[in-house]
Amino acid sequence: MFDDKKVIFSGMQATGNLTLGNYLGALKNWVDICEDYLTFFCVVDLHSITVRQDPAELRRRSRDLLTLYIAAGLDPEKNCIYYQSHVPNHAELGWILDCFTYVGELERMTQYKDKAAKHADNINAGLLTYPSLMAADILLYQAEYVPVGADQKQHLELARTLAERFNNVYGDVFTVPDIWLGKRGRKIMSLQDPEKKMSKSDENPNASIYLMDDPDTIRRKFKRAVTDSIGAVKYCDEQPGIRNLIDIYCSCTGKSTEECEKEFEGQGYGVFKEAVGEAVVGVLKPLQDRFRELSADKDYIDRMILQNDEKAMYYSEKTMRKVRKKIGFPERPRLK
């Protein structure tokens with residue numbers, strides 16, 4: 001804990017275009033909770049290079065992602081919003097935690113197995129040790145809570161294990177983090193296959209709503225969203241497509257599931273899908289306008305990057321000084 005406030009850490013990879021699922025399941029929740037915690041929101045660019053990236057594209061996407069954080073409502077004066085690669089302590093602690101992580105633990109990770117299968121020509125060491133670096137990201141800031149999706153829960157469990165393993169050897173060094181789950185939008189599903197998560201990497205362009213999609217594109221994608229032949233707007237397992245649309249509608253409007261069912265009782269799917277599309281347009285339009293405004297103000301974004309880099313280094317160095325001392329590394333002289 002720093003500054004008598006509990007700490008929250010989270011981040012997103014700077015690859016692909018953020019989807020509505022990323023916004024409702026993560027970014028919107030971050031905005032809702034940021035006032036009550038000391039928060040660190042990272043643009044996760046070190047993790048991104050486990051898969052080959054175009055350098056210019058990675059730089060552009062990283063800056064766009066950081067700008068989107070701010071456009072969504074994260075105040076960079078109150079939240080630490082920064083690039084992972086700008087804080088060398090992430091990589092240093094990642095290596096130290098590699099030395100406390102067993103190969104068998106890493107090989108059992110579901111995401112490693114999935115990515116190794118998809119990228120058989122590039123099964124690099126970073127792909128394997130990705131969870132140790134993720135643990136370093138979290139433990140570096142003594143995070144009590146980490147907002148993550150279900151697909152990252154296994155990685156958070158490893159972070160907890162590594163914190164406890166290190167603490168058992170060296171004493172009370174790391175806070176053992178807990179998962180934090182948002183109330184709504186926890187898992188937004190594909191519009192074309194509601195049995196799988198909405199994804200930045202889906203090859204079907206109609207499956208995902210991207211944060212910078214224009215209003216007409218959003219409306220068109222919802223019109224094409226997969227439903228069923230039952231014809232009733234009900235929240236149930238037998239109607240995964242409708243259940244997903246209800247989740248989206250309620251996340252955008254703040255209404256309850258029951259209120260949504262009552263509002264569209266006796267109405268066709270066409271009317272419901274149109275309403276969902278309009279609700280999403282209403283949520284994303286202000287974000288898009290703010291993103292364009294911020295993107296045009298290069299000096300402001302550059303100033304916030306520098307300011308938050310310094311803040312991230314300050315807090316991460318507090319942890320690293322303790323870690324280095326416990327490990328037995330020589331003390332570093334401080335420049336006067």
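## Cavity and pocket

About 50 Å³ of space lies in the largest cavity of this predicted model. Here a cavity is a set of points, on a 1 Å grid over the protein atoms alone, where a 1.4 Å probe fits but cannot get out, while a pocket is an open set with protein on both sides within 12 Å along at least five of seven lines; lining residues have an atom within 4 Å of a point. Grid points are joined across faces, edges and corners, and a volume is the space filled by probe spheres set on the points. By this rule there is one cavity of 30 Å³ or more.

The model is predicted, and local features need pLDDT of at least 70, side-chain atom pairs count only at pLDDT 80 or more, and totals for chains, interfaces and linings use all residues. Residues are numbered from 1 along each chain as its sequence is written, and side-chain values use heavy atoms, with hydrogens and water left out.

The lining of the largest cavity consists of Met109, Gln111, Tyr112, Lys115, Leu127, Leu128, Tyr130, Pro131 and His155. H7 gives the most, with four residues. Helices (H or I, at least four residues) and strands (E, at least two) are DSSP runs, numbered from the N terminus. By class, six of the lining residues are nonpolar, two polar and one charged. In this scheme Ala, Val, Leu, Ile, Met, Phe, Trp, Tyr, Cys and Pro count as nonpolar, Asp, Glu, Lys and Arg as charged, and the others, Gly among them, as polar.

The second largest pocket has a volume of about 300 Å³. Its lining is made by Glu317, Arg321, Arg324, Lys325, Phe329, Pro330, Glu331, Arg332, Pro333 and Arg334. Seven of these residues are charged, three nonpolar and none polar.

## Helices

Helix H8 (residues 153–170) has 18 residues and reaches 26 Å from its first C-alpha to its last, close to the 26 Å expected at 1.5 Å a residue. The expected span is 1.5 Å times one less than the number of residues. Buried residues in H8 are His155, Leu156, Leu158, Ala159, Leu162, Ala163, Arg165, Phe166 and Asn167. Buried means under 20% relative accessible area, exposed over 50%, and partly exposed in between (1.4 Å probe, protein chains only). After H8 comes glycine 171, which has a positive phi near 95 degrees.

Helix H12 (residues 269–296) has 28 residues that should span 40 Å at 1.5 Å a residue, and its end C-alpha atoms are 40 Å apart, which agrees. H12 has a kink of about 30 degrees at leucine 284, shortly before proline 286. The bend at a residue is the angle between axes fitted to the seven residues ending there and the seven starting there.

## Aromatic rings

The whole structure holds 15 aromatic pairs. Rings of Phe, Tyr and Trp (its six-membered ring) pair if their centres lie within 6.5 Å; planes under 30 degrees apart count as stacked, over 60 as edge-to-face and the rest as tilted. Phenylalanine 40 and tyrosine 141 are stacked, because their ring centres are 4.4 Å apart and their planes are at 25 degrees. This pair links distant parts of the chain, 101 residues apart: phenylalanine 40 is in strand S2 (residues 38–44), and tyrosine 141 is in the loop between helix H7 (125–139) and strand S4 (145–147). Phenylalanine 40 is buried at 0% relative accessible area, and tyrosine 141 is buried at 0% as well.

Phenylalanine 166 and phenylalanine 174 form a tilted pair, with 5.0 Å centre to centre and 55 degrees between the planes. Both of these residues are buried. One aromatic cluster is formed by Phe9, Phe40, Tyr82, Tyr141, Tyr314 and Tyr315.

Glutamine 142 lies in the loop between H7 and S4. Its phi is near 55 degrees, a positive value in a residue other than glycine. With a relative accessible area of 7%, glutamine 142 is buried.

## Residues apart in sequence

Arginine 220 lies in helix H9 (residues 215–223) and counts as partly exposed at 36% relative accessibility. Arginine 52, in the loop between helix H2 (45–48) and helix H3 (55–71), is exposed at 64%. Glycine 126 is in helix H7 and is partly exposed at 29%. The table gives C-alpha separations for these residues.

| Residue pair | Apart in sequence | C-alpha to C-alpha |
|---|---|---|
| Arginine 220 and glutamate 274 | 54 residues | 9.0 Å |
| Arginine 52 and asparagine 122 | 70 residues | 8.6 Å |
| Glycine 126 and glutamate 57 | 69 residues | 20 Å |
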